Amino acid sequence: MAILSSLRNKLLVAALIGVLIVEAIMWPLTNAIEHRVQRELLDEGAKIRAELESRLTQAIYLSVGLVSYIQSQNGQLEKDRIKAWLQRMRANSNAIINIGIAPNNRIQFIFPEKGNESAMGLYYPDLPTQWPDVRRMIESQKPVLAGPLALVQGGNGLIYRHPIFIDGAYWGLISTVMDSGELLAPLTMDARQEALNIALAKRTGDGDGSVERIWGEAIEEDGPQQTMGLELPGATWRLTVQGEPSPDILTFRLGLYAALVIILLMIAALLRHNKRERARRDTIRAETDRLKDEFIATVSHELRTPLTNIRGTLGLLEGGAAGELPDKAQELVTMARRNSDHQTQLINELLDIEKIVAGRMPIHLQPCAVQPQITSVVADNQTLADRRQVHLHVSEVDSNACVIADAQRLRQVLTNLLSNAIKFSPAGGEVTISAQREADQWSLSIADQGPGIPEWFQPRLFERFSQADGSSTRDMGGTGLGLAICKGLMTQMNGDIRYDTCSAGTVFTVTFAACDSTTTP
């Protein structure tokens, strides 16, 4: 009964809120309906424009392909191949009426030849009605879409002309005549199906911004309408879509209340579903936690323990405990030891990041001398620096420098930052480690001379498994967990981590609360 009562109360509150919303919507009803109609017109116009652009660009892209073919042949055309190409172009677009190729502005190829015999041999400079447009096209070196124009064979058509340049010199042009009735068919169909008034216009080219209608009826100024542009080669068209007057206010009100009833029914079903879903999620969460704990235990026991033994054995072999190895065997053992080091680091970092996320990382904050920690970290990373030919420089550190931190985790943070600095420094570069007192804090900085951190990657710098180069062929090793671990450890040690980067290098700085060095154990 209590559950039913709670459900009824929630539905009652939802119903009252719904009534208020409906009436609030009805008050500015005129504007709301107008906006809705405009959105619908915009969506419909976008669909019509997309269909129209698709039909136009299909034929245009076929012509562009022919241009590329002619350029690849350096203008040396074989009649049979060109005839086959033109035949395929026309077969791939129902809108193409004919295609002509005019080297040096004289039509030498046309398809289909039947019905177009009179066009063969035409020289554009001798055609006063067409030559000005062709000349402007050649001067601009850009294709032009002209029309609609009345065709000699009847009907209206669009003419797409594309100049051809080979090695920077004008070679000739391609002229593709398209059936405007076929291309503009979607306008007629959509206008009938959606009860829309659709008009298509183009700029006149007079430079005064005026346009002329090329399709459709005149658009009434007082009706709801949307206008959008179509940028075509050498032409700008304008598509206008006009809808019917706004619907009746009462109909809209009834529709809103009908929607409110449906929403209330959905809310009732959703409330019941959510109750069952919460119980299911709780069960899944408990099972997930159990599986995660089992996975961590497996990684720790089944992988880390034997891997540690393998790593130790490889270290002994590498050090000559079993006698001197042949050069090839020594190289393989060294490679295996490095790979085992990498796998051990990966497992340790996975375990560390899980502990940090779960809040189970043990942190023991106490006074900690800075100088010994830096000395230890530098010594641990000297071999890596030598291998990469990077010089480690430690600025003079105040022997009294003392911070509140977990000594082990402080070394872990500095080790991660220093190894990264070494990896991303060029051969012969230098990495500088320094410590500076700032009021009641100590700032420890590690500066490299690497290429800097890409700007696009910086927002993800401290995320888990993030690497600027995440490919399998990247030059730098690593798991992408180091900086995430540093961030988590610094947060748990009440410290801070920041960075400054440029093309000349990157400086990472970690900040700890200072303490009196006399209390350092």
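This is a predicted model: local features need pLDDT of at least 70, side-chain atom pairs count only at pLDDT 80 or more; totals for chains, interfaces and linings use all residues.

Biologist: Okay, how many salt bridges does a search of the whole structure find?

Modeller: The search turns up six salt bridges. One of them joins the side chains of Lys47 and Glu44, at 3.4 Å from N to O.

Biologist: How far apart are Lys47 and Glu44 in helix α2?

Modeller: They are three residues apart in α2, which runs over residues 29-72, so about one helical turn separates them.

Biologist: And is each one buried or exposed?

Modeller: Lys47 has a relative accessible area of 52%, so it counts as exposed because the cut-off is over 50%. Glu44 comes out at 12% and is buried, since buried means under 20%.

Biologist: What about Arg280, which side chain does it meet in a salt bridge?

Modeller: That would be Glu277, at 2.2 Å, N to O. Both residues sit in helix α7, three residues apart, or about one turn of the helix. Arg280 is partly exposed at 42% relative accessibility, while Glu277 is buried at 16%.

Biologist: Switching topic: which residues gather in the patch of positive charge on the surface?

Modeller: Lys10, Lys275, Arg278 and Arg281 make up that patch. Helix α7 (residues 249-318) supplies the largest share, three residues.

Biologist: Where is Arg278, then, and what is its relative accessibility?

Modeller: Arg278 is in helix α7. Its relative accessibility is 45%, so it counts as partly exposed.

Biologist: Now the inside. Which residues touch the most other members of the largest nonpolar core?

Modeller: Leu417, Leu418, Val510 and Phe512 do, out of 43 residues in that core. The elements giving two or more residues to this core are helices α9 (370-387), α10 (407-423) and α11 (482-492), plus strands β12 (402-405), β13 (430-438), β14 (441-447) and β16 (505-513).

Biologist: And which of those gives the most to this core?

Modeller: That's α10, with eight residues.

How values were computed:
Residues are numbered from 1 along each chain as its sequence is written. Side-chain values use heavy atoms; hydrogens and water are left out. Patches are made of residues with over 30% relative accessible area and no salt bridge: like charges are joined within 9 Å, nonpolar side chains (Val, Leu, Ile, Met, Phe, Trp, Tyr) within 5 Å. Accessible areas come from the Shrake-Rupley method with a 1.4 Å probe; for residues, only the protein chains shown count as cover. A salt bridge is a side-chain nitrogen of Lys or Arg within 4 Å of a carboxyl oxygen of Asp or Glu. Lys and Arg count as positive and Asp and Glu as negative; His and the chain ends are not counted. The place of a charge is taken as NZ of Lys, CZ of Arg, CG of Asp or CD of Glu. Helices (H or I, at least four residues) and strands (E, at least two) are DSSP runs, numbered from the N terminus. Buried means under 20% relative accessible area, exposed over 50%, partly exposed in between (1.4 Å probe, protein chains only). A nonpolar core is a set of buried Ala, Val, Leu, Ile, Met, Phe, Trp, Tyr and Cys residues joined through side-chain atoms within 4.5 Å.
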